[in-house]
Amino acid sequence: MSHTLKIENLHVSVEGKAILRGVNLTLNYGETHALMGPNGSGKSTLGLAIAGHPNYEITEGSITLDGVDITEWEADQRARAGIFMAFQRPVAIPGVKTADFLRHAATNVRRPDRKEGEDLIPMREFRKELKSKMEQLKIDPEFARRYVNDGFSGGEMKRSEILTMAMLSPKFSILDETDSGLDADAVRLASASIAEIGKDKMGLLIITHHDKLLEHNPPQYTHVMLGGRIVETGGAELARELHDHGYERIRATYPDADAANQQMIAKEETIAV
Amino acid sequence: MSAVADQNVGLGKFDRHGFDDFLAKRIDPTWLSDARKAAYAEFETMGWPNPRSENWMRSDLRGFRIEKYSIAHETETQTKLDAPVHLLEGVEIAGSVRSANGIVISEELDESLKAKGVLFGSLSRLSREKPELVKKYLHTLIDSSADRFAALQVAMWSDGYLLYVPRNVIIEKPLHIHASMTEGGSDLSHTLVILEEGAEATVLTECSSVTEQGSGMFCGGVELILGARSNLRDVSLQDWGQKVWHFAHKRASVGQDATLQWTLAAMGSRFAQVDQQVEMVAPGARSFVNGVMFTRDRQHLTYNTIQRHCAPHCTSDFLYKSVLQDRSRTVWRGMIKVDEGADKTDGYQRNDNLMLSDAARADSIPGLEIKADDVRCTHGSTSGRVDEELIFYARSRGFTRQEAILMIVTGFFQQIFDRITIESVREALGKAIARQVRQYE
């Protein structure tokens with residue numbers, strides 16, 4: 001299988017403020033990419049812009065999937081085309097059982113031309129599949145009956161996102177800090193689960209601060225983001241270097257991008273106040 | 001000749017001549033005619049509800065013209081109307097009563113229940129055939145002086161439904177009532193449910209107009225009387241046309257160790273004003289009330305609810321949830337009243353509102369009035385706009401915006417569905433909710 005997700009010269013603004021300033025990135029099916037960078041550099045913004053969040057306005061550049069321009073597509077069209085994002089902090093949907101949510105989602109993603117109101121995947125068939133995926137990921141079967149992310153611990157939320165990825169089997173997955181807030185054992189489990197589900201079966205873009213999540217997912221490419229741009233691309237060794245030594249070398253090498261990054265953080269703080 | 005008082009101008013068919021004509025066309029026993037005359041005299045002395053009164057200050061009656069509506073007579077033949085029915089799907093029933101414009105047009109009840117002394121059918125007919133029974137209970141819980149609509153209903157109730165279940169008789173299957181209305185019609189029906197000691201029944205009531213945009217007036221009453229250790233499950237789905245004015249007084253009296261599970265769903269009508277009161281009259285009485293409101297366009301629904309504890313060791317649990325679209329509005333006023341001596345009361349009330357548009361408005365006014373010392377009463381309310389982040393999350397998983405909203409709304413009502421023990425009712429309500437969701441974008 002060959003699929004390509006191509007980001008070209010992507011500029012993104014949130015509430016009128018420029019965050020991404022010309023990002024170029026090409027992901028091929030079966031590849032693993034790590035995306036690293038200091039806080040406020042625009043990593044999550046890139047993910048949300050690819051996923052189609054309505055508040056992330058693409059002011060310049062394009063996103064193409066297998067040569068089709070999806071820059072203007074709604075989030076659900078992108079999901080049905082095979083784009084997936086595992087969120088850092090997925091929202092809770094009270095009253096909606098995880099199994100029901102996933103059944104509807106899987107039906108829509110597998111049958112992209114399904115019209116509203118048409119039948120979902122038969123219940124029995126779906127339950128069987130969900131059960132086996134949960135066993136594979138070592139998730140308590142009780143999970144399926146709980147409301148979507150409602151009262152979930154940090155670890156449960158991340159595993160729920162990986163389960164969702166498993167059920168939707170997208171062409172490309174963006175994993176936004178799937179290690180944040182987890183203890184070492186939970187990170188190792190998440191890393192192994194991502195490899196189990198995603199390695200060689202999709203294109204992976206793993207956003208992280210640490211190399212632990214990459215343990216089972218050695219990246220072919222590591223990209224460093226600073227000030228809303230990818231300033232450097234290397235192999236797995238670059239991820240290790242950043243994990244061990246931080247971003248000082250990067251900041252010193254790209255002072256313009258660093259200045260932009262500082263400015264973005266300052267703005268965020270002003271907004272937060 | 002004396003001049004007609006202001007409040008009696010513009011009554012159309014509901015004026016004094018109309019009332020006399022109405023009475024002349026009925027075949028009521030004398031005690032009933034007398035009760036009607038007294039209530040009509042009261043009606044004539046009353047004004048329309050004062051917009052400054054607590055129950056009406058958030059209601060706007062300005063568009064209401066009673067003279068626009070026709071009146072149905074018992075002696076005229078009513079034909080079966082083609083108005084939608086939702087609660088019957090997948091359910092086996094023990095009996096059914098249908099009405100058109102507030103007049104019963106068909107009555108059915110399983111023979112085995114008739115043999116046990118169960119009565120289910122036209123209230124007009126049964127007030128002639130079982131005068132002692134009807135006289136004993138009719139309008140004992142509803143006070144004609146409550147407001148002008150109550151007085152009108154006591155005076156001019158057109159027909160309605162009586163369910164009487166004798167001592168220790170248990171009706172397993174639900175009984176079904178369907179009220180239908182023609183364009184510009186009126187329905188002044190009355191529901192009277194009497195469960196003797198140890199009796200059990202389930203009643204599914206629904207009302208609908210011949211067209212979705214239908215106009216008309218409903219001015220009705222409901223009285224539920226639960227004897228000791230009886231158990232009543234009552235579900236009502238109000239799905240009138242979008243231009244109907246709906247006025248209702250609903251009362252229940254729950255006896256010793258009796259249980260009332262009462263679900264009220266409202267999707268229809270232009271305007272609704274429902275005054276609901278449940279009285280726990282003897283120790284161990286329990287009531288669970290669920291309210292589901294889902295509004296659109298310029299609908300304006302008001303629910304004034306009172307849960308009154310007259311005796312010790314009683315439980316009441318009221319949960320009202322509404323979802324609002326467009327420029328619609330809901331008002332919920334809840335009150336837990338605990339009488340002196342009603343110790344060990346366990347009272348709970350909650351109202352949650354979810355707004356799907358910025359122009360919608362939900363008012364939520366909880367209240368407590370406690371005259372006993374040893375009680376546990378809690379209340380709460382929430383109101384908020386649907387979270388766009390939830391919609392985005394669902395869309396990122398392949399849901400359309402429409403599907404995402406329906407899912408969020410269904411999830412919002414789930415807590416109420418969990419409290420409804422009849423599966424077919426849960427399904428019917430789920431479908432009614434899905435129909436009510438607007439097309440977005």
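1. Burial in chain A. Of the 273 residues of chain A, 46% count as buried. A residue is buried if 20 or more other C-beta atoms lie within 10 Å of its own, exposed if 12 or fewer, and partly exposed in between, with C-beta atoms placed from the backbone. This is a predicted model: local features need pLDDT of at least 70, side-chain atom pairs count only at pLDDT 80 or more, and totals for chains, interfaces and linings use all residues. Residues are numbered from 1 along each chain as its sequence is written, while chains are lettered from A and ligands numbered from 1 in the order in which they are written.

2. Overall form of chain A. A compact globule with 273 residues would have a radius of gyration near 19 Å, and chain A agrees, at 19 Å. The radius is taken over C-alpha atoms, and the globule rule is 2.2 Å times the number of residues to the power 0.38. The C-alpha trace spans about 60 × 45 × 40 Å along its principal axes. Chain A has nine helices and 12 strands. These are DSSP runs numbered from the N terminus: helices are H or I with at least four residues, strands E with at least two.

3. Contacts within chain A. Take the contacts between residues at least 6 apart in sequence: 71% join residues at least 24 apart. Contact requires C-beta atoms, placed from the backbone, to lie within 7 Å.

4. The A–B interface. On chain A, 22 residues are in contact with 19 residues of chain B. At least two residues of this side come from each of α2 (75–81), β7 (93–97) and α3 (98–110) of chain A. The side of chain A that touches chain B divides into 12 nonpolar, six polar and four charged residues. Here Ala, Val, Leu, Ile, Met, Phe, Trp, Tyr, Cys and Pro count as nonpolar, Asp, Glu, Lys and Arg as charged, and the others, Gly among them, as polar.

5. A:Val91. This residue sits in the loop between β6 (83–86) and β7 of chain A. A:Val91 counts as partly exposed because it has 16 C-beta neighbours inside 10 Å. Leaving out residues up to four places away in sequence, A:Val91 touches A:Asn149, B:Glu389, B:Leu390 and B:Tyr393.

6. Helix α3(A). Why call this helix largely enclosed by the rest of the structure? Because 11 of its 13 residues are buried. Among them are A:Phe101, A:Leu102, A:Arg103 and A:His104. The cover over the buried residues of α3(A) includes α2, β7, α4 (123–136), β8 (147–148) and α5 (154–168) of chain A. Its length also checks out: 13 residues at 1.5 Å each should span 18 Å, and the end C-alpha atoms are 18 Å apart. The expected span is 1.5 Å times one less than the number of residues.

7. An open sheet in chain A. Four strands take the order β2-β1-β4-β5, with antiparallel pairing. Pairing requires at least two DSSP bridges between two strands. The edge strands, β2 (17–28) and β5 (68–69), each pair on one side only. Strand β4 (residues 56–65) is joined to β5(A) by two bridges. A:Leu65 stands opposite A:Val68 in β5(A).

8. Strand β10 of chain B. Eight of the nine residues of β10 (residues 231–239) are buried. β10(B) pairs in the parallel sense with β8 (residues 200–209) of chain B over nine bridges. B:Cys207 has B:Gln238 as its bridge partner in β10(B). β10(B) also pairs in the parallel sense with β12 (residues 259–266) of chain B, over eight bridges. There, B:Leu237 is partnered by B:Ala265 in β12(B).

Key:
Contact = placed C-beta atoms within 7 Å.
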